[in-house]
Amino acid sequence: MKSIKKVNLFHGASEHEITTTIEDETYHLMPDAHYNLHSYFEKKHRYAELNSIAKKAFTRESDLIDSELNHHHQMHYKHAIPADLCQKFIQQVLEDKTAFNHHKVITSILDLILDKNLDQVLSSYFNSEYTLSWYSYLETLPDRENRSYSSYWHCDGGPENHLKILIYLNPYKEHLGNTKFLTKETTDKLKKVGCLFNDIEKRTENLAPLANAKGIELEEIMYENIEAGDALIFNPNQLAHIGKIPETGTRHVLQLCFIPSPLHWKDTINHAAPIQIGCQPFEGLAEKLLNYYDKSAHQVPDNIMIPDDGTIQSSMQLRWLIENIFPDKVFAETMFTRLIELDPKLEYLHAYDNVFETLKLSFRDSINWGGEIDREDIEHLAQLTEYLNEFTHSCERYAPTNKPNHKAIYWPNPEHEHHPSSKYQVLPYVKKYPIMDKSTPIGSAGSCFAFEIARVFQESGFNYVVTERNDDPMSGVLVDGYSPGDQYAKFCANYGILFNSISFKQLAEKAFDTKPIKQLLFQQPQGYWVDPYREGVAFLDRQNYLLDYPQHINATRNALEMAEVFIITLGLNECWEFRDGTVLSRNPRDNMYPYVKHKTLSVQENIENIQSFFDTIKKFNPNFKLIISISPIPFLATGHGETKHVITANTHSKATLRVAAEELVNNNEDIYYLPSYELVTECIEDAWDNDQRHVKRSTVEKVVEMFKDIFVKT
């Protein structure tokens, strides 16, 4: 039997209601209801616009996760709130039925409920921020005579994109009351039939006859392992559902309804749409959120005024302070809200120290020190501690107290009224590192500035390690600047001048045989031969090179194993690279150009090269300590002449090497910095020879004297 009539639903639309009876079960069907509801909420009441704008405004894409809710529109979420808190809520309601009839009750526990995990679940489903529209406390008795409308199959009339969370305050096994769902596919078929958005007075509990008649397979979904504090999260508009009446006891549920929002829920509930108590209509809510968002988006930001008396005089100033302490915007807003509730007029919190003390007390009182401590609490407490340390340190940055050399804070000014000083009267360091004495084995390598230092070390009686000389005039080996029988060696071994950081890495790789490097010889117009990896060393013929090579490698290894302190001087960051990645120690000779290309090393590349040099040697010589200096000697020429002046290129090179040296010192316990570059370029008034590139002998001696002050025990 079937009849058709027009009826008016709550939203004012006129629907055709089809009444049909199947197997003694009467159904009141409205096949067009879901279309009309879509038009009513998504278009007329702007929920489609709200969804779109909320997604565009969302900035936390990195927090999004893939959850069961995304795929099935429902999920069983465990441990939404602690079980002991559930029992406390039940007891409060048993003593006072109106215990939850104030929005402060729910706002006080929302931070607990909407923790990071649940926040990710909800924001991932909406793909946006969200807000709490309303909440209610449901106390359902095992009473079929006075059952509610929700105990019949239905979908909720409202926007298509909203969620309900049912937090069970007592476990399913205590009452056997629950919520059943149908799948999205089944729900959509039943919507077309017209049985889910009908008059709430005409809902049905038995869908089987109708489903059989329409060829729809019913598969009910119900979770029976629900414990106290667990939650069911679902989209009540997209899934048909029914409240299963309790059988053995009263079911206590906290029900919350969420919709998308372009702004964070704390912002919206405080300024746009306060939380409502009890099931509320959706009309007008999207309008409120969109209007508030539009106003916020076009509002000229309030100026944050910071007074000069060191006090906090506005809530805007306090909020900014809290945001500076806690990077987590949600947590920062929570703490700000708590502080304002405690002292809305800033009578106590006008002082920074009082704010800090209040925050400390808040952590002291809120953390469960005797039990399991929440990880986020520890992170936030650590952020407060870090901030306070940084704040204290910031206030003392320019103060003379607790500084090794208080005169090193400000640039020397010979015209200062009270403390005149000249940079030519200072040494540019603040701390000493007495890591050696004159008997400590010491070595060096690097640019031409490095062999000047090596000579002064030997002249000054330091235990300078020398494992290879060139005292045999018949060896067929020529070392630039050294004659057989000379008293002072150029370096520890005859590896020659090293100008770039890759050459140091290659030196260690060859010495300890950690990476094969080709043996290359290039003949020069004068007839002798040169090894491109050993600048300043030449061979009269190939046989001389082959005889010398293993002896030289062994001597280099011995030097690196013997030296407990080793000084390197970094010369430049431009280099010439073979196609296999190895580099020349200096610039190419004419017959080398077919095999090389120009390269400029970055800060990170220089760091990695010297780190590799240091790590390789440290494996074989645990006592090895490295002192890095930057050569003050400028470029002879730049390979970037088409775009840079040599002076500009030199400045870039030295800056790059200086930053790399700083990082290496900061990252390694046994790496130190010798500020020879700063001493020569800033603190010695007459440092240079007439060529304005090389330094005077007296300049080198001053560098060595500073070296003694810093590193040699007295």
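Throughout this passage, a residue counts as buried under 20% relative accessible area, as exposed over 50% and as partly exposed in between, with a 1.4 Å probe and protein chains only. The model is predicted, so local features need pLDDT of at least 70 and side-chain atom pairs count only at pLDDT 80 or more, while totals for chains, interfaces and linings use all residues. Residues are numbered from 1 along each chain as its sequence is written, and side-chain values use heavy atoms, with hydrogens and water left out.

In soluble globular proteins, nonpolar side chains tend to be buried together. A nonpolar core is here a set of buried Ala, Val, Leu, Ile, Met, Phe, Trp, Tyr and Cys residues joined through side-chain atoms within 4.5 Å. The largest such core has 73 residues, and Phe566, Phe613, Leu626 and Phe707 have the most contacts inside it. Its main contributor is helix H16 (residues 448-459), which gives 8 residues; helices (H or I, at least four residues) and strands (E, at least two) are DSSP runs numbered from the N terminus. Another core, of 39 residues, lies apart from it and includes Ala99, Ile106, Leu118 and Ala228. Returning to Phe707, and leaving aside neighbours within four places in sequence, its contacts (heavy atoms within 4.5 Å) include Met436, Ile442, Phe457 and Phe462.

Ile442 also belongs to strand E12 (residues 442-446), where 5 of the 5 residues are buried, so the strand is largely enclosed by the rest of the structure. In a regular strand the side chains alternate between the two faces of the sheet. Within E12, Ile442, Ser444 and Gly446 point one way, whereas Gly443 and Ala445 point the other way. Strand E12 runs parallel to strand E17 (residues 565-570), to which 5 bridges join it; two strands pair if DSSP finds at least two bridges between them.

Aromatic rings come next. Rings of Phe, Tyr and Trp (its six-membered ring) pair if their centres lie within 6.5 Å, and planes under 30 degrees apart count as stacked, over 60 as edge-to-face and the rest as tilted. Across the whole structure there are 36 aromatic pairs. Tyr125 and Phe126 make an edge-to-face pair because their ring centres are 5.7 Å apart and their planes stand at 75 degrees. Phe356 and Phe391 are also edge-to-face, at 5.5 Å centre to centre and 65 degrees between the planes. This second pair links distant parts of the chain, with Phe356 in helix H14 (residues 352-366) and Phe391 in helix H15 (residues 375-395), 35 residues apart. Phe356 is buried at 4% relative accessibility, while Phe391 is partly exposed at 30%. Elsewhere, Tyr433, Phe457, Phe462, Tyr672, Phe707 and Phe711 form one aromatic cluster.

Charged groups meet rings too. A charge sits over a ring if NZ of Lys or CZ of Arg is within 6 Å of the ring centre and within 35 degrees of the ring normal. Arg147 lies over the face of Tyr152, 4.1 Å from the ring centre, and the charged end of Arg658 sits 3.8 Å from the ring centre of Tyr673.

Finally, the search finds 0 disulfides, each defined as a pair of cysteine sulfur atoms within 2.5 Å. The sulfur of Cys195 has its closest cysteine sulfur in Cys155, 8.5 Å away, which is too far for a bond.
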